[in-house]
Amino acid sequence: MNIMDFNVKKLAADAGTFLSRAVQFTEEKLGQAEKTELDAHLENLLSKAECTKLWTEKVMKQTEVLLQPNPNARMEEFVYEKLDRKAPSRVNNPELLGQHMIDAGNEFGPGTAYGNALIKCGETQKRIGAADRELIQTAAINFLTPLRNFIEGDYKTITRERKLLQNKRLDLDAAKTRLRKAKVAEARAAVWAEEVTKSEQEVRIAQSEFDRQAEITRLLLEGISSTHAHHLRCLNDFVEAQMTYYAQCYQYMLDLQKQLGSFPSTFLANNNQSTTTCVPSSSNTTTAASSVSVTASLSSLSNVAAPSSFGELKSSSGSRKARVLYDYDAANSTELSLLADEVITVYSIPGMDSDWLMGERGNQKGKVPITYLELLN
């Protein structure tokens, strides 16, 4: 027998097997053939495996969305992964925001209160961006990769063996059907006893192969419990990575808050300042109140408390020389605009707010915020 004859016979045998399985499957669906049921334990293991696969995929996909909300970026990373190439590094949103804040602060001037605050906020945002990048990398290695390995590795093996089990089950039931038909024909003296014996032999072989495949599938499915234990360890690693990330972010923001002062009063002052600037008020009282709020904001941003010398000056009737620390634009005619590094004369008048002094420069005078001043000896 040459190789070609062997291949032809093998193809014919495979075609016959396929046809036999197709006929058996169709008759089962039509209720015209009996079906060998799997034992309850194996059925439970199969259900557990399907449930594990379903929820592992959902958790994995949603974790990817959490770590990378941009769908285009996720698709790009997927393509690079399939091509076995490293995806190009990109600036994340906190880092981009931080860089814009730093650029804005440098543009406004690092010596101004607002510019200095922007630079500090920008540096903090960039640190948060670096922590975010570390979280993504750690989660990908310790959490997403094991889940993906299960879906693309272990579960594919289970699916392949389960399909083999289904084929062996169809072969067994087809052999049983042929045996049953042979026995009916034998009773009618339509076939020889040898035909029945041959069918019985086919059933024994099919039963043996089915039992063997069922055992292989059962052993693989029983490994799902080990998979759950492994995924639990990976979940703990993911939680620990998140805990580290949020702890870092909290510490960064806590340090920033200490530098900037109280956030609530700062936000309120900024809102008042914006309202006063955009919508001119006809009330001097409202304008003065907005100016006080602006000064309180700058005081918080600079994190500078009024020294005792200011208190002494306000309680006395004398005057002092003071150096201007930052530029200041007067909000109304009752205030005095200031230029950084100039020296002016300051004094207090009865009933003046604690955050303000009267300032004089030549024949000009007006209210000035004490947070912009440094008293000279």
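**Entry 1: around V79.** I started at V79, which is partly exposed at a relative accessible area of 39%. For the record, buried is under 20% relative accessible area, exposed is over 50%, and partly exposed is in between, with a 1.4 Å probe and protein chains only. This is a predicted model, so I keep to its rules: local features need pLDDT of at least 70, side-chain atom pairs need pLDDT 80 or more, and totals for chains, interfaces and linings use all residues. Residues are numbered from 1 along each chain as its sequence is written, and side-chain values use heavy atoms, with hydrogens and water left out.

V79 sits in helix α3, residues 71–82. Helices here are DSSP runs of H or I of at least four residues, strands are runs of E of at least two, and both are numbered from the N terminus. What does V79 form on the surface together with M75 and L83? I found a nonpolar patch, with about 280 Å² of accessible area for the three together. A patch takes residues with over 30% relative accessible area and no salt bridge; nonpolar side chains (Val, Leu, Ile, Met, Phe, Trp, Tyr) are joined within 5 Å, like charges within 9 Å. The areas are Shrake-Rupley values with a 1.4 Å probe, and for residues only the protein chains shown count as cover.

**Entry 2: helix α6.** I checked the length of α6, residues 193–222. At 1.5 Å a residue its 30 residues should span 44 Å, and the end C-alpha atoms are 43 Å apart, so the two agree. The expected span is 1.5 Å times one less than the number of residues. I then listed buried residues in α6; among them are V196, S199, V203, A206 and F210. Further along, Q213, A214, T217, R218 and L221 are buried too.

**Entry 3: salt bridges.** How many salt bridges does the structure hold? I get 13, taking a side-chain nitrogen of Lys or Arg within 4 Å of a carboxyl oxygen of Asp or Glu.

An α-helix has 3.6 residues a turn, so residues three or four places apart point the same way. K53 is partly exposed at 25%, and E57 is partly exposed at 21%.

E215 is partly exposed at 38%, while R218 is buried at 16%. D39 joins these two in a network of salt bridges.

What does E342 bridge to? Its partner is R361, with 2.8 Å between the closest N and O atoms. E342 lies in the loop between β1 (319–324) and β2 (343–347) and R361 in strand β3 (residues 356–361), so the pair ties together parts 19 residues apart in sequence. E342 is buried at 16%, and R361 is partly exposed at 25%.

**Entry 4: rings.** I count six aromatic pairs. Rings of Phe, Tyr and Trp (its six-membered ring) pair if their centres lie within 6.5 Å; planes under 30 degrees apart are stacked, over 60 edge-to-face, the rest tilted. F143 and F238 have centres 4.7 Å apart and planes at 10°, so I note them as stacked. F143 is in helix α5 (residues 113–187) and F238 in helix α7 (residues 224–260), so this pair ties together parts 95 residues apart in sequence. F143 is buried at 4%, and F238 is buried at 8%.

Y328 and Y372 are edge-to-face, at 5.1 Å centre to centre and 65° between planes. This pair links distant parts of the chain, 44 residues apart: Y328 is in the loop between β1 and β2, Y372 in the loop between β4 (364–369) and β5 (373–375). Both Y328 and Y372 are buried. Ring pairs also bring Y326 into a cluster with them.

**Entry 5: charges over rings.** My cut-off is NZ of Lys or CZ of Arg within 6 Å of the ring centre and within 35 degrees of the ring normal. The charged end of R127 sits over the ring of Y252, 5.6 Å from its centre. K367 has its charged end over the ring of W356, 5.2 Å from the centre.

**Entry 6: D341.** I flagged D341 for a positive phi near 75° in a residue other than glycine. Most residues other than glycine have a negative phi. D341 is in the loop between β1 and β2. Is D341 buried or exposed? I have it as exposed, with a relative accessible area of 55%.
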